[in-house]
Amino acid sequence: MLEIRVRWVLLVVVGVANVVGALVVLLFATFVVPDPPLDDRDYVHMVNAVAFFSYPVVAAPVALLLGLRLWRPVVTFVRDGGGPDRRQRRAVLLGPLRLTLLIGALWTVGAAGWAVLDLALFTGRLAVKTGLTCLLGAATTCTIVYLLSERLLRPAAALVLGRERPKKFRLPGVTTRVMLAWMLGTAIPVFGLICVAIAALAAPGINVGQLAITILGLGGAALLAGVYVIYMATRAIADPIKSVRKGMAQVERGDLRAEVAVYDASEVGQLQAGFNHMVAGLRENERLRDLFGRHVGEEVADLALERGDITLGGETREVAVLFVDLTGSTRLADTRSPDEVVELLNRFFGIVVTVVAGHGGWINKFEGDAALAIFGAPTQLEDSAGGALGAARELAVRLRAEVPMLDAGIGVSAGQVVAGYIGAEERFEYTVIGDPVNEAARLSDLAKDEPGRVLASAAVLDLAHLAESDEWDVGRSVTLRGRSRPTRLGTPRPVKPEIGPSVRRARFPRPLRRGRKLLVGALILAKAAKSTSMPDRPDEPE
């Protein structure tokens with residue numbers, strides 16, 4: 001379809017443009033622009049008519065041959081596809097301008113020959129009239145050819161400019177197109193009116209009616225041609241801007257896949273290419289942000305991007321810490337292949353990451369078969385202790401249900417830590433350092449021997465909201481390894497299965513319930529009958 005568009009549609013456009021230009025010349029030369037005083041008007045008209053209709057017979061084959069030669073690289077490129085070479089790139093991008101210059105040169109030769117013919121055979125004033133009308137026709141034809149050929153070649157130009165930066169070519173831009181439209185729609189008709197006025201002053205014998213027709217013709221041409229040409233020129237500018245605006249709307253909605261076709265080699269095309277480069281940069285930044293967030297956590301990534309000036313050091317924060325450690329990782333690596341171990345660890349840590357993020361925390365680091373989760377830094381949480389406790393309870397249930405082949409201990413602690421960037425200027429990370437981290441790690445080791453596999457310090461329960469702390473029981477106190485003071489342990493309360501109406505009905509089927517009601521009723525009647533037939537005996541028990 002693109003080959004048909006380039007080869008045949010463009011040929012039709014060039015032909016129609018030349019026919020329109022010829023009609024403009026014919027109408028203006030015959031009816032609009034008045035003739036100067038002539039000795040034999042009919043003979044002059046016959047000679048000019050022969051010259052007018054004879055020139056296209058000679059110029060059309062020349063234009064066809066030169067145009068096909070000029071257009072051959074373009075047709076080859078759109079037919080064969082692939083990457084264009086330098087000659088094809090220039091042929092596509094410079095095609096509208098070259099075609100316009102070719103048509104303009106042929107019109108200039110025709111106008112000059114016609115004017116020289118009238119100057120040699122008749123009068124100079126008739127030569128001026130002929131040259132003026134030919135100028136109007138040439139401007140009309142060239143403007144139509146350039147605007148329409150540029151529009152038809154946009155798909156081919158988009159293929160070329162997808163690989164070539166438009167700044168390497170200097171083509172008519174916005175200013176040139178607007179000035180071209182002004183020249184055709186305003187300058188040439190007004191110049192014609194000025195020439196007619198000068199002729200009327202030089203030769204007072206011009207008929208008033210003919211002068212009025214001339215003014216009306218040139219004024220109408222200025223209005224009609226001006227509207228059409230200005231519309232085409234502004235569309236050539238507005239269409240690329242509209243495509244960029246649509247792309248910006250996509251980016252505003254968060255769609256960074258937006259891309260506009262670059263089909264203009266002027267500054268408008270540079271705007272399109274600049275938008276694509278900008279979106280490519282945004283995609284790259286988003287990819288780096290995503291990778292950064294995957295490595296250090298989204299909260300830390302957002303903090304680093306917001307501040308920009310990362311410095312070593314930290315600040316004291318109240319946080320809750322959750323430590324989860326896999327049991328028997330050495331045996332797991334010994335009994336399974338490396339691929340299976342990695343798959344199981346990914347499933348295990350996938351659940352950990354999902355549960356921790358669902359309760360407002362983030363994974364500070366993975367340590368082989370363990371993970372450290374922080375609640376309350378760098379983002380402040382309203383109930384960091386409650387979030388850590390809730391995550392521990394849910395994590396124990398989900399790990400047992402979704403990865404039953406793995407066993408892990410979960411420890412939860414809370415207190416003051418130093419949170420910040422630790423390391424060297426060349427390599428550092430955001431982490432937390434403090435006693436709650438060590439306590440959570442020791443609790444996770446101790447929890448591996450507990451039935452529920454979860455232990456928390458009483459300090460976390462004291463800091464958590466009642467809605468979460470009521471789900472835990474406080475038990476014995478132990479002195480954890482490496483600590484001098486005892487830690488009171490908290491364990492989650494066992495979840496009691498709810499007994500619904502269907503379960504209660506299953507315990508007492510309908511026939512049994514009816515029999516029970518009948519038995520109770522019979523006993524009541526018997527007791528009532530006994531009390532009415534025999535008096536009570538105080539010395540006998542009922």
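Guide: A search of the whole structure finds five aromatic pairs. The model is predicted, with local features needing pLDDT of at least 70, side-chain atom pairs counting only at pLDDT 80 or more, and totals for chains, interfaces and linings using all residues. Residues are numbered from 1 along each chain as its sequence is written, and side-chain values use heavy atoms, leaving out hydrogens and water.

Visitor: How are the rings of Tyr43 and Phe122 arranged?
Guide: A pair of aromatic rings is described by the distance of the centres and the angle of the planes. Rings of Phe, Tyr and Trp (its six-membered ring) pair if their centres lie within 6.5 Å; planes under 30 degrees apart are stacked, over 60 edge-to-face, the rest tilted. Tyr43 and Phe122 have centres 6.0 Å apart and planes at 70°, so this pair is edge-to-face.

Visitor: Which parts does that pair tie together?
Guide: Tyr43 lies in helix H2 and Phe122 in the loop between helix H4 (95–121) and helix H5 (124–152), so the pair ties together parts 79 residues apart in sequence. Helices here are DSSP runs (H or I, at least four residues), numbered from the N terminus.

Visitor: What about Phe348 and Phe349?
Guide: They form an edge-to-face pair, 5.1 Å centre to centre with 65° between the planes. Phe348 and Phe349 are both buried, whereas Tyr43 is partly exposed, at 42% relative accessible area. Buried means under 20%, exposed over 50%, and partly exposed in between (1.4 Å probe, protein chains only).

Visitor: Which residues do ring pairs link into a cluster?
Guide: Phe52, Phe53 and Trp114.

How values were computed. Helices (H or I, at least four residues) and strands (E, at least two) are DSSP runs, numbered from the N terminus.
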